[in-house]
2 protein chains.
Amino acid sequence: MAKCLYVCSQANLYEILGDIMSKEPNTVFIGRNPTMNYVLAVITCFSREETKEVNLKARGQAISTAVDVAEITRRRFMKNLKVERVNLGTEEMPREEGGTRAVSTIEITLSKSP
Amino acid sequence: MAKCLYVCSQANLYEILGDIMSKEPNTVFIGRNPTMNYVLAVITCFSREETKEVNLKARGQAISTAVDVAEITRRRFMKNLKVERVNLGTEEMPREEGGTRAVSTIEITLSKSP
């Protein structure tokens with residue numbers, strides 16, 4: 001991942017991609033940024049020769065964006081990508097007024113075929 | 001599916017579930033109705049002894065709701081359900097001003113273990 005961030009930095013993409021890519025190696029966290037920023041983050045991760053898989057993680061409303069990112073990257077930019085796995089889950093998030101609420105999550109693993 | 005609709009009708013659920021369940025057997029189309037209506041539709045489908053799998057289909061923003069429906073049904077109401085498959089895809093939808101636009105889709109297959 002250190003190398004992946006270095007590549008981004010060289011391409012002057014660090015500001016866009018820093019937040020998205022800095023927490024886990026080869027993982028893109030989907031939030032409220034424009035969809036194409038995440039597509040760019042996925043392509044940047046795969047630009048390292050040794051990267052075979054990239055995970056997209058999202059929760060709540062961002063789940064739809066995560067599916068968009070996977071589909072746009074695969075159909076428009078990297079035709080050799082496939083959806084390797086999709087895991088659904090639930091996380092307990094703290095409420096402001098106390099207690100927790102359940103939020104759905106998705107993890108999409110994209111893999112690059114040779 | 002005919003039988004599944006009959007069950008709904010008997011329980012006075014036809015109005016709620018008619019639109020959601022009437023197009024393909026054992027398939028629930030997720031749209032803009034309240035999430036719990038879809039959860040009820042899934043439980044109703046599985047209430048038939050012979051139903052082993054139910055598909056949830058959604059596109060665009062409704063994809064997040066589809067994941068919510070799968071997770072709520074599995075965690076709160078039917079602990080013996082599991083997510084059998086998740087397929088992602090893209091559909092071309094006609095634009096009002098002509099041409100088409102790509103919309104992401106999801107199909108979640110839930111299966112009941114004995």
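Q: Which residues of H3(A) meet H4(A)?
A: In this predicted model, A:Thr35, A:Met36, A:Tyr38, A:Val39, A:Val42 and A:Ile43 of H3(A) meet A:Thr65, A:Asp68, A:Val69, A:Ile72, A:Thr73, A:Arg76 and A:Phe77 of H4(A), where contact means heavy atoms within 4.5 Å. Local features need pLDDT of at least 70, side-chain atom pairs count only at pLDDT 80 or more, and totals for chains, interfaces and linings use all residues. Residues are numbered from 1 along each chain as its sequence is written, chains are lettered from A in the order in which they are written, and side-chain values use heavy atoms, with hydrogens and water left out.

Q: And at what angle do the axes of those two cross?
A: The axes of H3(A), residues 35-46, and H4(A), residues 62-77, cross at roughly 60 degrees and come within 9 Å. The two helices are therefore oblique to each other (angles under 35 degrees count as roughly parallel, over 145 as roughly antiparallel, 65 to 115 as roughly perpendicular and the rest as oblique).

Q: Switching to chain B, which residues of H4(B) are buried?
A: They include B:Ala62, B:Ile63, B:Val67, B:Val69 and B:Ile72, buried being under 20% relative accessible area with a 1.4 Å probe, protein chains only.

Q: What rotation superposes chain A on chain B?
A: A rotation of 180 degrees, with 0.0 Å of shift along its axis, superposes chain A on chain B with an RMSD of 0.0 Å, which is the relation of a two-fold axis. The superposition is by least squares on the C-alpha atoms of residues with pLDDT of at least 70 in both.

Q: Which residue of chain A comes closest to that axis?
A: A:Ser64 does, with its C-alpha at 2.8 Å.

Conventions
Buried means under 20% relative accessible area, exposed over 50%, partly exposed in between (1.4 Å probe, protein chains only). Helices (H or I, at least four residues) and strands (E, at least two) are DSSP runs, numbered from the N terminus. Axes are lines fitted to C-alpha atoms, for helices over the stretch in contact, and angles run from 0 to 180 degrees between N-to-C directions.
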